[in-house]
Amino acid sequence: MYLNDGFDIDFSFRVQLEGVYIHNAVWPVHGGAGYNISLAWGSSEILIENSISVLANKVIVVRSSGAGSVVAYNYMDDGYINGQDGWVEIGLNGSHMVGDHHILFEGNQSFNIDSDQTHGSSIYNTFFRNYASGYRKPFTTLDGTYIDDTTGCCRPLRAVGAQAYAYWFSFIGNVLGASGRTNGWTYNCVGAINFIPNQCIWNLGWMDISPRGYDPNVATTAIQDGNFDYLTNSVTWASSDTSHMLPNSLYLRQRPAFFEAGSGYTWPWVNPAGSPQLYKLPAKARYHAGTPFTQP
């Protein structure tokens with residue numbers, strides 16, 4: 001357990017964080033007391049890969065940094081605010097202060113993809129072949145409260161939700177929602193105010209700061225292409241995309257070595273246009289095996 005930031009990457013260039021398991025912030029509340037992984041103050045070309053980040057206020061946060069960074073093949077779950085149990089935190093994100101930009105998020109698994117407006121804008125981030133289920137894994141908070149998002153306890157639920165001032169984002173080849181669990185959700189909540197509706201596959205431009213409204217520029221500047229969702233059970237391609245072809249990776253030339261470890265795993269593990277759409281993420285497999293540094 002730790003207080004403040006678990007891994008704090010500040011004023012840094014070309015740092016690599018790989019194969020770590022970080023969990024249980026000692027004070028998981030907003031305000032910086034419980035951030036598992038933090039990139040800040042101009043840090044750029046950072047690689048965060050094949051790791052596990054769970055049970056914190058923010059499982060990853062980016063502040064005034066990010067250029068040329070890659071966050072890939074990580075399992076990130078159970079972000080929450082202790083004492084405010086009904087609030088679903090932001091999962092996979094490159095935001096939380098003005099100036100965050102040009103980060104590639106590839107092949108990760110998290111409960112949602114989002115970008116907050118709290119301290120300013122974030123721009124030009126790319127989300128490629130990630131899985132965002134829309135639900136956190138059931139867990140127990142620091143104060144002993146059991147949380148299961150599927151019971152209706154907690155809001156707002158979303159697979160992808162970029163808040164206001166998140167411009168020129170690209171969402172390509174992702175798998176969104178959970179099979180059999182997102183029935184009745186709203187596909188596109190763009191324009192929703194005051195979290196209604198609050199079970200969304202897409203919620204681009206929403207605001208959680210009063211006076212609540214929405215920012216239409218988030219959706220109009222976003223690229224959405226080749227994403228599969230479990231509400232429509234289909235892939236939605238951009239009208240300009242006539243080839244319907246997705247590369248295996250946007251930063252790797254070949255299958256990474258950690259997919260060969262243990263029993264070996266299919267790569268890419270997120271395959272929106274295939275069947276099945278999801279295989280197994282090595283970091284998630286390690287987490288469930290109960291021995292996070294031994295790949296099953």
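In the predicted model, Asn188 stands opposite Trp202 in strand E24. Strand E23 (residues 186-188) and E24 run parallel and are joined by 2 bridges; two strands count as paired if DSSP finds at least two bridges between them. Strands (E, at least two residues) and helices (H or I, at least four) are DSSP runs, numbered from the N terminus. Trp202 is also the bridge partner of Val160. That pairing belongs to strand E19 (residues 157-162), which runs parallel to E24 (residues 199-202) and is joined to E24 by 3 bridges.

Residues are numbered from 1 along each chain as its sequence is written.

Burial is judged by relative accessible area: buried means under 20%, exposed over 50% and partly exposed in between, with a 1.4 Å probe and protein chains only. Cys189 is buried at 2%, and Cys200 is buried at 0%.

The structure holds 2 disulfides. The other bond links Cys153 and Cys154, whose sulfur atoms are 2.3 Å apart. With a torsion of about -100° about the S-S bond of Cys153 and Cys154, this disulfide is left-handed. Cys153 is partly exposed, at 36% relative accessibility, whereas Cys154 is buried, at 1%. With the bonded cysteines of the protein chain numbered in sequence order, the pairing reads 1-2, 3-4.

Turning to the sheet, 8 strands form an open arrangement in the order E3-E6-E9-E12-E16-E22-E26-E27, with mixed pairing. Its edge strands are E3 (21-23) and E27 (234-236), each of which pairs on one side only. Within the sheet, E16 (residues 131-132) and E22 (residues 175-176) run parallel and are joined by 2 bridges, and Tyr131 stands opposite Val175 in E22. Helix H2 (residues 282-289) lies across E3, E6 (52-56), E9 (75-79) and E12 (109-110), running at about 60° to E6. For such angles, axes are lines fitted to C-alpha atoms, for helices over the stretch in contact, and values run from 0 to 180 degrees between N-to-C directions.

A nonpolar core is a set of buried Ala, Val, Leu, Ile, Met, Phe, Trp, Tyr and Cys residues joined through side-chain atoms within 4.5 Å. Of the 72 residues in the largest one, Ile37, Ile48, Val71, Tyr73, Phe171 and Leu204 touch the most other members. Contact means heavy atoms within 4.5 Å. Leaving aside neighbours within four places in sequence, the contacts of Ile37 include Phe7, Leu17, Ile22, Ile48 and Met76.

Ala222 lies in the loop between helix H1 (216-221) and strand E25 (223-225), and is buried at 16% relative accessibility. Ala222 and Val62 are 160 residues apart in sequence and 20 Å apart in space, C-alpha to C-alpha.

How values were computed:
This is a predicted model: local features need pLDDT of at least 70, side-chain atom pairs count only at pLDDT 80 or more; totals for chains, interfaces and linings use all residues. Side-chain values use heavy atoms; hydrogens and water are left out. A disulfide is a pair of cysteine sulfur atoms within 2.5 Å.
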